[in-house]
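This report goes through selected parts of one protein model. The sequence and structure come first, and the notes follow.

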Amino acid sequence: LVSAFTKKPKTTEVTAGSTAVFEAETEKAAIKVKWQRAGTEITESEKYVIKAEGNKHSLTINNVGKEDDVTYAVIAGSSKVKFELKVKEPEKSETVTPVEAAPTPAASELPAPPVESSQNTEVASAGTQPEVPVDPIGIFVTRPQDGEVTVGGNITFTATVAGESLLKKPSVKWFKGKWMDLGGKVGKHLQLRDNYDRNKKVYTFEMEIIEANMTFAGGYRCEVSTKDKFDSSNFNLTVNEGPVPGDLDIRAAFRRMSLAGGARRMTSAFLSTEGHEEGGEFNFSALLKKRGEAKSESQSDVDVWEILRKAPPSEYEKIAFQYGITDLRGMLKRLKRIKKEEKKSTAFLKKLDPAYQVDKGQKIKLVVEVANPDADVKWLKNGQEIQVSGRYIFEAVGNKRILTINHCSLADDAAYECVVGEEKSFTELFVKEPPILITHPLEDQMVMVGERVEFECEVSEEGATVKWEKDGIELTREETFKYRFKKDGKKQYLIINESTREDSGHYTVKTNGGASVAELIVQEKKLEVYQSIADLTVKARDQAVFKCEVSDENVKGIWLKNGKEVVPDERIKISHIGRIHKLTIEDVTPGDEADYSFIPQGFAYNLSAKLQFLEVKIDFVPREEPPKIHLDCLGQSPDTIVVVAGNKLRLDVPISGDPTPTVIWQKVNKKTDLVRSSDDSMTASENSSDLNTDSKV
């Protein structure tokens, strides 16, 4: 995962009563940042001052006390960075000597595994050398090296940093995998120490793992930073299973005793009670005591044929995985064909054993003894005669007939026969592949709910058989609906397509030669709505667009219309580009009026809005007929009326029409062609018939 932080807060050590300041910088300025103390969110107060300026964020803790010596964290989006505040008492601030002496006993611990001793020896030798070798790369003087420890054992990893040019102590952080900060894991199984050698001006930082278990195996990283420098170093921890009591092969021990001069190299368990070193003498009491000690025989001394013969069928798969049997079904068929000891033969003094086994790449000798020292024998492999070659060598030594197979491969895993005349001696040879080792371990992962998880490891052989477990329970092929297993050459994958909170836990990949463990943390998604959808009012044939924007561009969602999912068609389009989701409706009709919602998948959000259809009403106005006017006086009244000046003139003109016409009286001055209105205003006229005047003269 890509971190949202460009600058992360560092673990800080302060004196009680002083002030501690932690600073962080985010890649973007708009990201919301939260601070936590021991897993609980911090709210601003007089004691805790939280500031945010652009992409710079800080947490100030005033009047630090011993109760503040806990683990803190800063969170931005899906990125979480843990750090510590270490509080020291003023009177103990210069107590350096006990810290420097702390690693010394670890170097002399007898139960420590071999690699642990080498780690501690490296620390001890650093204290005796006049000059510490300088690392030509980075700011490390010595880097932590790969380590190996047995379950229950302790191991210490050490890093040293030159302090001559540093004004203050460098900040060092230890990680497991990509992101797990071990600063918050200090306790029963983990201790972090540091000290400063004033004479050599060298800082020493140590990470001690106590009573290791299998889940501690994996990749680790040490990061060191100063004001203007930064460096990191990766290293691996291998955790081997503890020794278990087992049976001792007495015959093999006796054969080893028979070797010339071998007694000088044997332990007291294989010497006689009187201290004689003769090959045939044997101390049975010491040998029986040895049975109670750790198992000393290697897997190559184990008879896989005998284990299969005695095992119940329910254990076959487990045995095949443990001893690298690739063709279990064929092996069981061959096991059934192995015949029991037959009656004495006239041609053979000693026949082949019923079955043999050999490690891949090693050689093996198949030996028989014949009754006639001059007899010729034939050697057959799966019924076919074997021809002499560089890999197959035939020998005849007295009565012994020997077939030597050099550089055994899986092709030599077959049935063999030695034929003398009409008699045969049969055997089965099992070629055991070397244990499959994990060359690149799993890495811890942190994802959000719904995201894809892919665990990857690399093993020593292509196409190897591995087992996957979650919290100690094997994941089987029957659970393919949840988990997918994949092989690609030497790489092995476990894939979870859509993770849930229940998928959090420890995942283990196992081979017959090792195991690797990684932790998966699945966090709840937190979605922010930058822009919600808004109500729309749209006219007929217009376009309606609902638009929203969320914080995660990978989040999908569905659109609903009155609670039912919207199905796109030629008129309705749904789009998702980055963080923006759109619902577009072309040529809006009254049927589109409804409540619309957008629901992001995997979140309890429901963004709703209403589409209102705006109906435009048009009133129908019928066409009006032109008005009809009837002047009944036309042609009936005389054109000229004579009246005596000073007398009253009354004109009666019958007028009708539809609608009722408005009557306008006109008075024409023939001399000037001017129209006189009632307000005595005069206007030029083109036609005297259009002159208007008041109805009174």
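## Basis

This is a predicted model, in which local features need pLDDT of at least 70 and side-chain atom pairs count only at pLDDT 80 or more, while totals for chains, interfaces and linings use all residues. Residues are numbered from 1 along each chain as its sequence is written, and side-chain values use heavy atoms, with hydrogens and water left out.

## A five-stranded sheet

Five strands form an open sheet in the order S29-S36-S35-S31-S32, with mixed pairing. Strands S29 (445-448) and S32 (473-474) are at the edges with a single partner strand each, so one side of each has no neighbour in the sheet. Strands here are DSSP runs (E, at least two residues), numbered from the N terminus; two strands pair if DSSP finds at least two bridges between them.

S35 (residues 505-511) and S36 (residues 514-523) are antiparallel and share 7 bridges; Lys-510 has Ala-515 in S36 as its bridge partner. S35 also pairs with S31, again in the antiparallel sense, over 4 bridges. Within that pairing, Trp-468 is bridged to Val-509 of S35.

Buried means under 20% relative accessible area, exposed over 50%, and partly exposed in between (1.4 Å probe, protein chains only).

S31 runs antiparallel to S32, with 2 bridges joining them. Glu-469 has Glu-474 as its bridge partner in S32. The hairpin of these two strands has 2 residues between them, and Asp-471 there takes a positive phi near 50°.

Thr-26 lies in strand S3 (residues 20-26) and counts as buried because its relative accessibility is 0%. Beyond its neighbours within four places in sequence, Thr-26 has contacts (heavy atoms within 4.5 Å) that include Phe-5, Thr-6, Asn-55 and His-57. Thr-6 is 20 residues away along the chain, yet the two C-alpha atoms are separated by 5.5 Å.

Glu-549 belongs to strand S39 (residues 544-550). Its relative accessibility is 18%, so Glu-549 counts as buried.

## Cysteines

The structure holds 0 disulfides (pairs of cysteine sulfur atoms within 2.5 Å). Cys-222 counts as buried at 1% relative accessibility, and Cys-457 counts as buried at 0%.
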